[in-house]
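Please keep the sequence and the three-dimensional view at hand while reading.

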Amino acid sequence: MGFTELWSTYGQNYIDALLTTWGMTLVCFALVMVIAVFVTVLRVSPFKPLRWLGDLYVQIFRNIPGVSLLIIVVYALPYLNVVVDYLPSVIVTVVLVASAFGSENFMSGINTIGVGQIEAARSLGMSFGKILRRIVIPQALRSTVLPMTNLFIAVMLTTALGSQVPLDPPELTGVVSYINTRSTGGILAFAVSALGYVLTALAIGFAGSRLDRKVRVLR
């Protein structure tokens, strides 16, 4: 099957799959940012049990393969009377794994903040929460634009876990299986999906680089 025949037959399926991938990526990354910031706050908390909890979260989900975690969510949780639909299962899996790496990125950003700034804020009587809101988190976000851009791309690629469960419509990797079970798409079917990933990643990388130049903390 040539490209013209492939696209004329399954072009709409590819477009739907691309939109599904984009939608999953945006939802997952938004949740990743929120959870990563929250976990990072736990990890820098003055209360040791909270620091342990944040570190435990990162160590667990940073070291579990995404496929294994997806299997747990989809097939193991029902034994505990917790049934999650396929699409939310993929989103939960991606968010749990990616937020652990996102927290590591934020910790790296926090480590770039001079100790003098924190000491000056304490001398002014600022509380721990106010220091986080006004000094630590804003600077950490600005310092981690490029790492978070890479994480954004990783989240987009990790949504390919959706190919392991029956999504309707499927995402970019799952649509290849859909096509190859109905005709012989061959390597060309994979190449078209790969092109969708590559072009999306290039767009994310370009936007991330532009944003980094605008908000970068000059030292």
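The points below move from the chain as a whole to its helices and then to individual residues.

The structure is a predicted model. The protein chain contains nine helices and zero strands. Of its 219 residues, 41% count as buried.

**The chain as a whole**

- Read from the N terminus, the order of elements is α-α-α-α-α-α-α-α-α.
- The C-alpha trace spans about 70 × 45 × 20 Å along its principal axes.
- Among contacts in the chain with a separation of 6 or more, 77% are between residues 24 or more positions apart.

**Helix α3 and its buried face**

- Helix α3 comprises residues 66–76, and its buried residues are Gly66, Leu69, Leu70, Val73 and Val74.
- When α3 is viewed down its axis, these buried residues fall within an arc of 125°, so they line one face of the helix.

**How pairs of helices pack**

- Two packed helices are described by the angle between their axes and the distance between the axes.

*Helices α1 and α7*

- Helix α1 (residues 3–43) packs with helix α7 (residues 145–158) at an angle of about 135°, and their axes are 9 Å apart.
- The crossing in which α1 passes α7 is right-handed.
- On the α1 side, the contact is made by Thr21, Thr25, Leu26, Cys28, Phe29, Val32 and Met33; on the α7 side, it is made by Met148, Leu151, Phe152, Val155 and Met156.
- The residues of this contact of α1 with α7 comprise ten nonpolar, two polar and no charged.

*Helices α7 and α9*

- Helix α7 also packs with helix α9 (residues 186–215), at an angle of about 160° and with the axes 9 Å apart.
- The two helices α7 and α9 are therefore roughly antiparallel to each other.
- Here α7 passes α9 in a right-handed crossing.
- From α7, the contact involves Val145, Leu146, Thr149, Phe152, Ile153, Met156 and Leu157.
- From α9, the contact involves Tyr197, Thr200, Ala201, Ile204, Gly205, Gly208, Ser209, Leu211, Asp212 and Val215.
- By residue type, the contact of α7 with α9 divides into eleven nonpolar, five polar and one charged.
- Phe152 and Met156 of α7 take part in the contact with α1 and also in the contact with α9.

*Helices α4 and α6*

- The axes of α4 and helix α6 (residues 128–143) come within 8 Å and cross at roughly 110°.
- This angle makes α4 roughly perpendicular to α6.
- Phe106, Gly109 and Ile110 of α4 meet Val136, Ala140, Leu141 and Ser143 of α6.
- The contact of α4 with α6 consists of five nonpolar residues, two polar and no charged.

**Buried residues in loops**

- Ile113 is located in the loop between α4 and α5 (115–123).
- Ile113 has a relative accessible area of 8%, and buried means under 20%, so Ile113 is buried.
- Leaving out residues up to four places away in sequence, Ile113 touches Ile118, Ile135, Val136, Gln139 and Ala140.
- The C-alpha atoms of Ile113 and Val136 are separated by 7.3 Å, although these residues are 23 residues apart along the chain.
- Ser45 is found in the loop between α1 and α2.
- With a relative accessible area of 6%, Ser45 is likewise buried.
- Setting aside its neighbours within four places in sequence, Ser45 is in contact with Leu50, Arg51 and Phe128.

- Most residues other than glycine have a negative phi, and most peptide bonds are trans.
- Asn81 has a phi near 65°, a positive value in a residue other than glycine.
- Asn81 lies in the loop between α3 and α4, and Asn81 is exposed, with a relative accessible area of 73%.
- Asp168 and Pro169 are joined by a cis peptide bond, with omega about 0°.
- Pro169 belongs to the loop between α7 and α8 (174–180).

Methods:
Residues are numbered from 1 along each chain as its sequence is written. This is a predicted model: local features need pLDDT of at least 70, side-chain atom pairs count only at pLDDT 80 or more; totals for chains, interfaces and linings use all residues. Side-chain values use heavy atoms; hydrogens and water are left out. Buried means under 20% relative accessible area, exposed over 50%, partly exposed in between (1.4 Å probe, protein chains only). Helices (H or I, at least four residues) and strands (E, at least two) are DSSP runs, numbered from the N terminus. The arc is that of the directions from the helix axis to the C-beta atoms. Axes are lines fitted to C-alpha atoms, for helices over the stretch in contact, and angles run from 0 to 180 degrees between N-to-C directions. A crossing is left-handed if the near helix is turned anticlockwise from the far one by less than a right angle, and right-handed if clockwise. Contact means heavy atoms within 4.5 Å. Ala, Val, Leu, Ile, Met, Phe, Trp, Tyr, Cys and Pro count as nonpolar, Asp, Glu, Lys and Arg as charged, and the others, Gly among them, as polar. Angles under 35 degrees count as roughly parallel, over 145 as roughly antiparallel, 65 to 115 as roughly perpendicular and the rest as oblique.
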